[in-house]
Amino acid sequence: MKVIAGTSSPLLAKRISEALNVPMAKTIFRRFPDGELYVRIEDMCERAVIVQSITSNDDLVALMLMLDALDGVDTIAVIPYMGYARQDKKFNEGEAISIRAVARMIESYAEAVVTVNIHSKDAASYFKKLVEVDAMPIIGEFYSKRDVVMVSPDLGSYERVKVCAEHAGCEFDYLEKKRIDAERVEIKPKSLDVRGKDVVIVDDIISTGGTMVEATKMLLQAGAKSVECACVHAVLAGNALNKLYSAGVKEVVATDTIERGVSVISVAKAIAEVLEKYL
Ligand code: R5P
């Protein structure tokens with residue numbers, strides 16, 4: 001077996017290969033003058049693990065080309081961040097269910113699919129061979145030696161944050177969120193007394209940062225001593241990080257499902273544990 005690092009996940013692929021003690025394959029990625037991508041896997045093998053998060057359209061095409069290069073090889077697709085999962089239903093007549101299209105493409109090639117905290121149960125339901133890793137215990141462990149309280153920015157993330165807080169050994173609560181439009185959200189406090197406390201807001205994704213910014217403002221107004229933001233997937237669209245720090249966030253922390261400067265918590269061991277079954 002070999003681990004194949006996709007264009008978006010070289011570091012996590014290396015960490016997984018080390019955790020499994022499995023070598024990495026040599027790959028070539030190029031772009032033609034017209035913008036099209038080219039993929040070649042130089043040392044083919046009988047079994048392969050591709051590690052490639054989908055953070056852009058190029059990532060998706062590169063994944064498809066890697067899967068095709070491995071046609072006839074037993075391949076496990078590790079997609080640490082499953083992009084397109086937020087379009088998990090037809091919100092309006094005539095829309096594509098994007099994650100269904102992605103699931104069909106990946107599963108037409110791969111023997112199994114491994115991901116980390118996919119956006120929703122609806123998104124997961126379009127896969128037949130999906131194994132999901134939960135990063136919340138890992139994020140919780142990261143804070144286990146700190147005196148913090150954890151907050152979910154909405155009821156939807158409450159169960160996730162509960163798991164995270166249990167592993168951190170701290171109190172937790174949630175905030176009520178009302179989405180105004182794609183960019184703006186309004187957040188109202190529930191029953192949380194955060195005065196004088198170091199608060200960690202925990203969510204699955206930070207995309208535009210709108211959710212975290214509103215939650216931070218509310219928590220600082222309510223008397224929190226400091227606010228940090230933790231997430232599984234640091235999508236960080238546009239100038240999200242700048243918006244967070246400008247709003248008074250002390251620190252942003254994420255896992256390495258998406259490789260950013262803030263991705264200081266690794267999910268490599270948890271993914272390797274799943275993959276060991278296939279070795
Ligand atoms: C929503 O369902 C997710 O859990 C996140 O709260 C959301 O994706 C964050 O998006 P943004 O950073 O754009 O507010």
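Predicted model: local features only at pLDDT ≥ 70, side-chain atom pairs only at ≥ 80, totals over all residues.
Local features need pLDDT of at least 70 and side-chain atom pairs count only at pLDDT 80 or more, while totals for chains, interfaces and linings use all residues. Residues are numbered from 1 along each chain as its sequence is written, and side-chain values use heavy atoms, with hydrogens and water left out.

**Ligand site**

- The ligand has 13 residues around it, and Asp-203, Asp-204, Ser-207, Thr-208 and Thr-211 come nearest; a residue is near if one of its heavy atoms lies within 4 Å of the molecule.
- Asp-203 places a polar side-chain atom 2.6 Å from a ligand oxygen atom.
- From the backbone, an N or O atom of Ser-207 lies 2.8 Å from an oxygen atom of the ligand, and one of Gly-209 lies 2.9 Å from a ligand oxygen atom.
- On its own the ligand has 380 Å² of accessible area, and the protein covers 87% of that (Shrake-Rupley method, 1.4 Å probe).
- Strand 10 (176-179), strand 12 (198-206) and helix 7 (210-221) each supply at least two residues of the shell; strand 12 gives the most, with four residues.
- Helices (H or I, at least four residues) and strands (E, at least two) are DSSP runs, numbered from the N terminus.
- By type, the shell holds two nonpolar, six polar and five charged residues; Ala, Val, Leu, Ile, Met, Phe, Trp, Tyr, Cys and Pro count as nonpolar, Asp, Glu, Lys and Arg as charged, and the others, Gly among them, as polar.

- Six strands in the order 9-8-12-13-14-15 form an open sheet with parallel pairing; two strands pair if DSSP finds at least two bridges between them.
- Strand 9 (172-174) and strand 15 (263-265) are at the edges with a single partner strand each, so one side of each has no neighbour in the sheet.
- Strand 14 (residues 251-255) runs parallel to strand 15 and is joined to it by two bridges; Thr-255 has Ile-265 of strand 15 as its bridge partner.
- Helix 7 lies across strand 12 and strand 13 (226-234), at about 165° to strand 12; axes are lines fitted to C-alpha atoms, for helices over the stretch in contact (heavy atoms within 4.5 Å), and angles run from 0 to 180 degrees between N-to-C directions.

**Five-strand sheet**

- Five strands form an open sheet in the order 1-4-5-6-7, and the pairing is parallel.
- Strand 4 (residues 47-51) pairs with strand 5 (residues 74-79) over five bridges, and Val-49 stands opposite Ile-76 in strand 5.
- Helix 1 (residues 10-20) packs on this sheet, touching strand 1 and strand 4, and its direction makes about 170° with that of strand 1.

Methods:
Polar contact = N/O pair within 3.5 Å; in protein donor to acceptor, adjacent residues only side chain to side chain.
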